[in-house]
Amino acid sequence: IPLSFAQSRLWFLDQLLPGTALYNVPIGLRLKGPLDRIAVEGAINTLIERHESLRTIFPSRAGEACQEILPRLKIRLKECSFDLTSLGKEEQESTAQSLAQQEAITPFKLSTDPLIRVKLLILGKEEQILLITLHHIISDGWSMNVFFKEFSLVYNAYIEGKEPSLSPLLIQYADFALWQREWLQGEVLEQQLSYWKQQLAGI
């Protein structure tokens with residue numbers, strides 16, 4: 001599957017500046033009250049299953065990047081949880097801040113790494129910090145709004161012992177990338193090129 005033009009730009013920048021975390025999208029949520037960790041894990045994995053972009057990697061074949069959608073990807077919260085309850089309040093806060101910063105600046109390897117990471121910092125029985133880091137090549141501000149809206153719906157359904165009811169997705173992001181590549185060619189491409197050649201003439 002080809003990349004969308006926005007993805008191509010980010011992939012190119014990653015080749016230009018390998019090992020950078022400039023395009024990480026880190027989010028930290030401080031959660032108050034009792035947390036059902038099984039429901040958190042279930043909600044995240046439900047969204048990963050639902051949205052192919054969350055389990056897409058970008059290998060290079062003959063110098064060209066492509067989208068490879070992994071058939072499955074599971075987050076195991078137990079393996080990425082940090083229990084900070086034994087620390088004093090000040091040390092707890094500084095450790096949490098350090099872990100969050102470290103997570104935010106850890107780069108992704110686009111060709112092989114899952115491009116979503118999750119960590120849970122446990123501060124007490126009723127206080128946790130959920131860290132979610134994605135690469136910008138699979139996320140943006142608009143899609144993060146969708147992610148958290150759906151995460152809330154799915155999490156609440158699971159803690160109530162219900163199956164979440166989300167409308168089926170008619171298309172995935174890869175479908176959009178294919179459409180965009182097919183659309184921007186021929187006459188449409190010539191019109192775009194002519195416009196910019198005219199705008200940039202003489203400079």
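1. Going along the sequence, the pattern is α-β-α-β-β-β-β-β-α-β-β-α-α-α. That amounts to 6 helices and 8 strands, where helices (H or I, at least four residues) and strands (E, at least two) are DSSP runs, numbered from the N terminus. Keep in mind that this is a predicted model: local features need pLDDT of at least 70, side-chain atom pairs count only at pLDDT 80 or more, and totals for chains, interfaces and linings use all residues. Residues are numbered from 1 along each chain as its sequence is written, and side-chain values use heavy atoms, with hydrogens and water left out.

2. Some overall numbers. The C-alpha trace spans about 65 × 40 × 30 Å along its principal axes. The accessible surface is about 12,500 Å², with 56% of that belonging to carbon and sulfur atoms; areas come from the Shrake-Rupley method with a 1.4 Å probe, and for residues only the protein chains shown count as cover. Of the 203 residues, 36% are buried (buried is under 20% relative accessible area, exposed over 50%, partly exposed in between; 1.4 Å probe, protein chains only). Taking contacts (heavy atoms within 4.5 Å) between residues at least 6 apart in sequence, 71% join residues at least 24 apart.

3. Now the sheet. It is open, has 4 strands in the order S1-S8-S7-S6, and its pairing is mixed; two strands count as paired if DSSP finds at least two bridges between them. Strand S1 (24–32) and strand S6 (81–83) are the edges, each pairing on one side only. From one strand to the next, the twist averages 15°. As background, strands of a sheet pair through backbone hydrogen bonds, either parallel or antiparallel.

4. Strand by strand, S1 and S8 (residues 127–135) run antiparallel and are joined by 9 bridges. Within that pairing, Lys-32 sits opposite Glu-127 and Arg-30 has Ile-129 as its bridge partner. S8 also pairs with S7, again in the antiparallel sense, over 8 bridges, and these two strands make a hairpin with 2 residues between them. Ile-129 turns up here too, standing opposite Leu-121. Leu-121 of S7 is in turn the bridge partner of Phe-82, and S6 and S7 pair in the parallel sense over 3 bridges.

5. How well covered are the S7 and S8 strands? In S7, 8 of the 9 residues are buried, so the strand is largely enclosed by the rest of the structure. For S8 the count is 9 of 9. Glu-127, Ile-129, Leu-131, Thr-133 and His-135 point one way from S8, while Gln-128, Leu-130, Ile-132 and Leu-134 point the other way.

6. Helix H3 (residues 89–105) lies across S1, S6, S7 (116–124) and S8, at about 180° to S7. Helix H4 (residues 141–159) lies across S1, S7 and S8, at about 140° to S8. For these angles, axes are lines fitted to C-alpha atoms, for helices over the stretch in contact, and the values run from 0 to 180 degrees between N-to-C directions.

7. On charges, there are 9 salt bridges, each a side-chain nitrogen of Lys or Arg within 4 Å of a carboxyl oxygen of Asp or Glu. One of them pairs Arg-30 with Glu-127, closest N and O atoms 2.7 Å apart; it links strand S1 to strand S8 across 97 residues. Arg-30 is partly exposed at 40% relative accessible area, whereas Glu-127 is buried at 13%. Another joins Lys-119 and Glu-103 (2.9 Å, N to O). Lys-119 is in strand S7 and Glu-103 in helix H3, so this pair ties together parts 16 residues apart in sequence. Glu-103 is buried, at 5% relative accessibility.

8. A network to look at: Arg-30, Lys-32, Lys-89, Glu-93 and Glu-127 are joined through salt bridges that share partners.

9. Ala-62 has a phi near 55°, a positive value in a residue other than glycine. Most residues other than glycine have a negative phi. Ala-62 lies in the loop between strand S3 (60–61) and strand S4 (64–65), and counts as exposed at 86% relative accessibility.
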